[in-house]
Amino acid sequence: MDAPGAAPADRGPQQERSRATRQRLLEAAVECLAQTGAAGSTVGAVAERAGVSRGAAQHHFRTREDLFTAALRHMSQTRLDDLRCRAAGLPEGRSRTEAVVEMLVDAYSGPEFDAALQLWSAAANDPRLRTHVIPLEEHIGREAHRAAVELLGADESKPGVREAVRATLDLARGLGLAGLLTDDRARRRGVIRQWAAMLERELAEKRRDSGRR
């Protein structure tokens, strides 16, 4: 039996090690998904990449679906945290909309996006995995939409604004897919510039309409 008052102190380092192990597993799962796809991302493969035993991995994530779901949540949170961190450096005025669109497009690129894409593809053909992924994707979509509205300063009470924000996120995802196999940066830059100009005109018009009332 632990001495009175000793248990909390004893549990502290153990809890910290547990959190560190979980973090390593999530990062390893993202790497594994991005590099080898869902088929090669077994709990054992992820555990080996993370440098922990399979038993330790299963202590945190009982099934492959649990691991993948947690990895997707980790990926989305990483992207949202990055967006909010970069928001402090956004310009004001007319150039802000283009900077925001570019930042949203950047969120759909890199290892996290590659890993998420592998997971989406796997879920399309795996009903059990799909039941885990769909509700989480819906939550992630709402959070991404909320962040985009905040960054753009969009007033969704105006007709068409909500759809314009949704279209911006769909465009960002589509450009991420287009750049998956080839370097698409030059074409992507032109698309971002044109879309941002169209979006700014739409948002500015809604702001003027509000000012007239």
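The dialogue below goes through aromatic pairs and pockets in a predicted model.

Trainee: What should I keep in mind about the model before reading it?

Mentor: The model is predicted, and local features need pLDDT of at least 70, side-chain atom pairs count only at pLDDT 80 or more, while totals for chains, interfaces and linings use all residues. Residues are numbered from 1 along each chain as its sequence is written, and side-chain values use heavy atoms, with hydrogens and water left out.

Trainee: How many aromatic pairs are there?

Mentor: Rings of Phe, Tyr and Trp (its six-membered ring) pair if their centres lie within 6.5 Å, and planes under 30 degrees apart count as stacked, over 60 as edge-to-face and the rest as tilted. By this rule there are two aromatic pairs. The ring centres of Tyr108 and Phe113 are 5.9 Å apart with the planes at 85°, so this pair is edge-to-face. The rings of Phe113 and Trp120 have centres 5.9 Å apart and planes at 80°, so that pair is edge-to-face. Tyr108, Phe113 and Trp120 form one aromatic cluster.

Trainee: Are Tyr108 and Phe113 buried or exposed?

Mentor: Buried means under 20% relative accessible area, exposed over 50%, and partly exposed in between (1.4 Å probe, protein chains only). Tyr108 is buried, with a relative accessible area of 7%, and Phe113 is buried at 1%.

Trainee: Which residue lies over the face of Tyr108?

Mentor: A charge sits over a ring if NZ of Lys or CZ of Arg is within 6 Å of the ring centre and within 35 degrees of the ring normal. Here Arg79 lies over the face of Tyr108, at 5.6 Å from the ring centre.

Trainee: How much space lies in the largest pocket, and which residues lie nearest its centre?

Mentor: Rolling a probe the size of a water molecule over the atoms shows where empty space is left. On a 1 Å grid over the protein atoms alone, a pocket is an open set of points where a 1.4 Å probe fits, with protein on both sides within 12 Å along at least five of seven lines, and lining residues have an atom within 4 Å of a point. Grid points are joined across faces, edges and corners, and a volume is the space filled by probe spheres set on the points. The largest pocket holds about 410 Å³ of space, and of the 21 residues that line this pocket, Ile140, Gly141, Arg142, Ala144 and Leu169 lie nearest its centre.

Trainee: What about the second largest pocket?

Mentor: The second largest pocket has about 160 Å³ of space, and 14 residues line it, with Ser109, Gly176, Gly179, Leu180 and Arg188 closest to its centre.
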